[in-house]
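Colleague: I would like to go through this model with you and ask what stands behind each term. Please set the values against the definitions.

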Number of protein chains: 2
Amino acid sequence: MHLYLATTNAGKLRDFAYALTPDCTFTLLPGLDTLPVPEETADTFEGNARLKAIAYSLTQPDLLVLADDSGLEVDALQGAPGVRSARFADDHDYQTSRPLPTDRRNNLCLLDALASTPESRRGARYRCTLALARNGEVLVIADGLVEGEILAVPRGSAGFGYDPLFLLPDEGLTMAELAPAARNQHSHRARALAALLDKINKPHPAE
Amino acid sequence: MHLYLATTNAGKLRDFAYALTPDCTFTLLPGLDTLPVPEETADTFEGNARLKAIAYSLTQPDLLVLADDSGLEVDALQGAPGVRSARFADDHDYQTSRPLPTDRRNNLCLLDALASTPESRRGARYRCTLALARNGEVLVIADGLVEGEILAVPRGSAGFGYDPLFLLPDEGLTMAELAPAARNQHSHRARALAALLDKINKPHPAE
């Protein structure tokens, strides 16, 4: 099975590259960069994954198009930043003394938002929803999540997004400190992809 | 044909994802993160690409393993940083007032090295050599290069490495400003991969 990814995020592509197998391969959706980017107007990961998969799969007949929506849900922030994870600092008009990469700004904005939250109340989860569509029709939806805690100080340089702040308590490591094989075992994206492939390969209940 | 990539660099993986086709797919070499990283002791891109492809292909019987070595050659620096591109700042013990990502440090170190070099003498090229190996034997070597100029001020946020400083004069854009399709047309890595696939698909001269 060959999937066409509807993302240009290098970190997501790396996650997918690790998780896929020779039986299930991918390349980027042809012409992805020339297509209008669908506005992520939904208020759930599933909603955004669906609208992206539908929009992109309508651009190329018969291709299996995989779209990802994912983010961080922090308990003390009532689930924020959630679907706004990539835009958290912008949403809060968070200013830094000099220009910083988006991930860094978002991380600092999150630390700021949790500055007065004690360690015992910093539970969070990473969530990923994948939608597989063809010709504008969603064929499969799958979720993956991983529970963690938000640190007060970033650790590690692998990964992307909020990974340096996201501690996996059982591992004692942040997502940005995990070796690739461990990341592929624990990450929300790897788990969502495993769930998706499981649904695809499982015989249909009616069969 | 299915290739196993021997790199965990997210930017390189993104470049490969764009350049490959449904007929030629890839996943990461299984267990890549648990394998010893071969020391890049050669003084040419080809030498390093060969030694990586050989070492990694010996870990998994019969797999087609693709290794990449690439970097920037600056005329005014007699071809430096070359094979040391990823380690340029470290090699020069280049210090910054606060910790910065490796790419940023390397970029600043390069600007420093070229501070007194006039615009007319800032020619450079990006070069990539790919080696495809199986069972410790190199099957194909291919090169790709792209000519450019080193700017005095970085521009653009796509890409990685020295991309924000690498101007493509004909495009009037840096590698970090290129849209993915243009990057896939101009980048040294895309060109090397195209050359590699061309060599593989071309009938053998003796046939």
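Colleague: How do you know which residues of chain B are in contact with chain A, and how many are there?

Modeller: Contact means heavy atoms within 4.5 Å. By that rule 23 residues of chain B are in contact with 23 residues of chain A. This is a predicted model, in which local features need pLDDT of at least 70, side-chain atom pairs count only at pLDDT 80 or more, and totals for chains, interfaces and linings use all residues. Residues are numbered from 1 along each chain as its sequence is written, chains are lettered from A and ligands numbered from 1 in the order in which they are written, and side-chain values use heavy atoms, with hydrogens and water left out.

Colleague: What area is buried between chain B and chain A?

Modeller: About 1,900 Å², with carbon and sulfur atoms giving 65% of it. Buried area is the accessible area (1.4 Å probe) that two parts lose on being put together, summed over both. On the chain B side, B:Arg14, B:Tyr18 and B:Asp33 lose the most area to chain A, together 24% of what that side buries.

Colleague: Which elements of chain B give two or more residues to the side that touches chain A?

Modeller: In chain B they are strand 1 (2-5), helix 1 (10-19), strand 2 (25-28) and helix 5 (180-186). Helices (H or I, at least four residues) and strands (E, at least two) are DSSP runs, numbered from the N terminus. Helix 1 of chain B gives the most to that side, with five residues. By type, the residues of this side divide into 14 nonpolar, five polar and four charged. Here Ala, Val, Leu, Ile, Met, Phe, Trp, Tyr, Cys and Pro count as nonpolar, Asp, Glu, Lys and Arg as charged, and the others, Gly among them, as polar.

Colleague: How many salt bridges are there between chain B and chain A?

Modeller: The count is zero. A salt bridge needs a side-chain nitrogen of Lys or Arg within 4 Å of a carboxyl oxygen of Asp or Glu. Over all chains, the search of the whole structure finds 32 salt bridges.

Colleague: What makes A:Glu73 and A:Arg127 a salt bridge?

Modeller: Their side chains meet at 3.0 Å, N to O, and the rule asks for within 4 Å. A:Glu73 lies in strand 3 (residues 65-74) of chain A and A:Arg127 in strand 4 (residues 123-134) of chain A, so the pair ties together parts 54 residues apart in sequence.

Colleague: Why are the two copies said to be related as by a two-fold rotation axis?

Modeller: A rotation of 180 degrees with 0.0 Å of shift along its axis superposes chain B on chain A, at RMSD 0.0 Å. The two copies are therefore related as by a two-fold rotation axis. The superposition is by least squares on the C-alpha atoms of residues with pLDDT of at least 70 in both copies. In chain B, the C-alpha nearest the axis is that of B:Ala10, 2.7 Å from it. The same surface serves both copies, as 100% of the contact residues of chain B recur in chain A.

Colleague: Why is chain A called as compact as a globular protein of its length?

Modeller: Chain A has six helices and seven strands. The radius of gyration of chain A is 17 Å, close to the 17 Å that the globule rule gives for 207 residues, so chain A is as compact as a globular protein of that length. The radius is taken over C-alpha atoms, and the globule rule is 2.2 Å times the number of residues to the power 0.38.
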